[in-house]
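Here are a few notes to read alongside the model. Have the structure open as you go through them.

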Amino acid sequence: MSSNVQRVLAGSRRLQTLAQHFRLQKPPQHKSHASFTKQAAVLVCLFKGDRGELRVILTKRASTLSSHSGEVALPGGKVDEGDADYVDTALREAKEEIGLDPSLVIVVMLLEPLVTKEGVLVVPVVGVLSDKKSFSPTPNASEVEAVFDVPLEMFLKNENRREEEKERMGEKYLLHFFDFEADNKKFVIWAFTAAILIKAASEVYLRPPAFLERRPSFWSVAAAKRPTMP
């Protein structure tokens, strides 16, 4: 591991371990989930805040978008033919959406894929920003209204969190909503994006959330592959 990477990951033995393990692996390619015709990847990009805390970069989607307009999301998008793997997809999309140079991101792990209710397989790619000062967000106005960051650990805490119980095909599950305010602007991180960040925080901090998660089973790859009854 280079001295630059060691410097960036200093203070988090867990991130160092994840980065070393990831370097020994070959990132899965899109064909590893060939049964899904719609695939995407998102970037969980972490960096150290002024107080040494890990923070994650988020976006607020443009209000003009046809789907999920105005919602908080992770940088990312659909797989393109030219993408080598999910890491390539996540980094390319982050560059297109917020101007993040892929060379500034040290990838440390991939989280388990999730499947949206529209049937899109989404692979979360976790990376660490190697030089925060070199990154000045330049959001693509057609896709992104705002770029902001929040403490990763907030997704393990019961503060500023609420939940809604839902039911689908007899299964009861919870959707989680996290409220955050910055620069006099209020943001809500919820549902699918919140689930990814709960998982990322659990992996990095090696502890479960302080609340019952109870995510819907239909978000899992196994459930999505299961044949439905006529």
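1. Which element gives the most to the lining of the largest cavity? That would be β10, with 3 residues. Keep in mind that this is a predicted model.

2. On the cavity itself: the structure holds 1 cavity of 30 Å³ or more, and the space inside the largest cavity comes to about 30 Å³.

3. If you want to find it on screen, pick out Leu 174, Leu 175, His 176, Ala 191, Ala 195, Glu 213, Arg 215 and Trp 219, which line the largest cavity. By type, that lining splits into 5 nonpolar, 1 polar and 2 charged residues. Two elements, β10 (171-182) and α4 (191-205), each supply at least two residues of the lining.

4. Now for the sheet around β10. It is an open one, built from 3 strands in the order β9-β10-β11, with antiparallel pairing. β9 (161-168) and β11 (185-190) stand at the edges with a single partner strand each, so one side of each has no neighbour in the sheet. On average, neighbouring strands here are turned by 25° against each other, ignoring direction.

5. Zooming in on one pairing, β9 and β10 run antiparallel and are joined by 8 bridges. Glu 165 stands opposite Leu 174 in β10, and Leu 174 is also one of the residues lining the largest cavity.

6. Last, the helix: α4 packs on this sheet and touches β10 and β11. The direction of α4 makes about 75° with that of β11. Among the cavity-lining residues, Ala 191 and Ala 195 fall within α4 (191-205).

How values were computed. Residues numbered from 1 in each chain as written. Predicted model: local features only at pLDDT ≥ 70, side-chain atom pairs only at ≥ 80, totals over all residues. Heavy atoms only, no water. 1 Å grid on protein atoms, 1.4 Å probe; cavity = no way out; pocket = protein on both sides within 12 Å on 5 of 7 lines; lining within 4 Å. Points joined across faces, edges and corners; volume = space filled by probe spheres on them. Helix = DSSP H or I, 4+ residues; strand = E, 2+ residues; numbered from the N terminus. Nonpolar A, V, L, I, M, F, W, Y, C, P; charged D, E, K, R; others polar. Pairing = 2+ DSSP bridges. Axes fitted to C-alpha atoms, helices over the stretch in contact; angles between N-to-C directions. Contact = heavy atoms within 4.5 Å.
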